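Subject: Structure for you to look at

Hello,

Here is the structure I promised you. Please open it first, then read my notes below.

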Amino acid sequence: MTALPAPLMLRIASAEKVAADIHSFELRAPSGEDLPTFTAGAHVTVRSPNGSLRKYSLCNDPAERGRYVIAVKRDPAGRGGSVDLVDRTRAGDTVEVSAPHNAFELAGKAPSFILVAGGIGITPLMSMARSLNGEGRRYTLYYLTRSPEHTAFRDALQGADFGGKVVIHHDDGDPARAFDLWPILEKPSAAHVYCCGPRALLEAVRDMTGHWPPAAIHFESFIDAGAAARPGDKPFGVRLAKSGDRFEVPAGVSILEVLRSRGHEAPSSCESGTCGTCRTRLVSGEADHRDLVLTEDEKATQIMICVSRARSPEIAIDR
Ligand code: FES
């Protein structure tokens, strides 16, 4: 079983259903003491009773020192960790939780923020909105969900703190009724854009912000190598140009995981193709890019090894 670095053993102080298939968990230290601090956009990794590790964004205000609040989507089509956490834990249980880590941090100097959430992607943006409320900074939160019943935090978002800063849109599952973000993103401004949600929403925002400064656009998703796998993925070879080592990368396993399993150190953070930490120079071969970081120009010479694969039988990378 994979070990979490210096895990915290936290008590589930409360667990409740907050929307269709979304469950909120309040986690506290059994002794009641303060928890390690976090910043808006941070996530923790939680071990489910079946041993699975899943990342969940913290959605409460970072100013709160005594608790972490996460919201978990119970997705029967997922890999089972979240269903297990929802179905097999209850208030009073203890769970293993990593210290918070942030790969989706608010830009300190931005004059304003455009927050775009799709479904369960609201969680890190909820913490950001709460933090920005506390600091009196400008933002608008666009929260896109299927229906009112699928909308977590509805009551909180109707509170005075959020007045005039939140747009909630329901599409009833009909793509023809999707919210049109283009009028908001058409003209670049000094704002920073933060987007978290399903892959289609991330890609839509990426496509609509190609003319913005890249440093002003931020994405978060918890697609890992397994979840990013596509039907028809094939094994390929990866050659390390510096050491000359060559490894096979099986379907369903990332280059990053293969390198680590062979004792190579490789920095990473999000492991979902959104933060840029694992950026590696592509020496030869054709990559199958699956990240949301690289520009079209960069794709010829770089690869994000946490999610991207190869179209050619072999690629060489600068390691
Ligand atoms: S670790 Fe974040 S993009 Fe690869």
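**What I found**

Of the 319 residues in the protein chain, 48% are buried. Keep in mind that this is a predicted model.

Start with the overall build. The protein chain has six helices and 18 strands. Its radius of gyration is 20 Å, close to the 20 Å that the globule rule gives for 319 residues, so the chain is as compact as a globular protein of that length. Along the principal axes, the C-alpha atoms fill a box of roughly 60 × 50 × 40 Å.

Next, the contacts. Take those in the protein chain with a separation of 6 or more: 66% of them join residues 24 or more positions apart.

Now the surface and the charges. The protein chain carries 38 positive and 40 negative charges. How far apart are the mean positions of these positive and negative charges? They are 2 Å apart.

Arg47 sits in strand β3, which covers residues 43-47. Is Arg47 buried or exposed? The relative accessible area of Arg47 is 10%. Buried means under 20%, so Arg47 counts as buried. What does the side chain of Arg47 reach? It reaches the backbone oxygen of Gly51, at 3.1 Å. The cut-off for a polar contact is 3.5 Å, and this pair lies within it.

Have a look at Arg47 and Gly51 in the viewer.

Best wishes

Key: Residues are numbered from 1 along each chain as its sequence is written. This is a predicted model: local features need pLDDT of at least 70, side-chain atom pairs count only at pLDDT 80 or more; totals for chains, interfaces and linings use all residues. Side-chain values use heavy atoms; hydrogens and water are left out. Helices (H or I, at least four residues) and strands (E, at least two) are DSSP runs, numbered from the N terminus. Buried means under 20% relative accessible area, exposed over 50%, partly exposed in between (1.4 Å probe, protein chains only). A polar contact is a pair of N or O atoms within 3.5 Å; within protein, one must be able to donate a hydrogen and the other to accept it, and residues adjacent in sequence count only if both atoms are side-chain atoms. The radius of gyration is taken over C-alpha atoms; the globule rule is 2.2 Å times the number of residues to the power 0.38. Contact means heavy atoms within 4.5 Å. Lys and Arg count as positive and Asp and Glu as negative; His and the chain ends are not counted. The place of a charge is taken as NZ of Lys, CZ of Arg, CG of Asp or CD of Glu.
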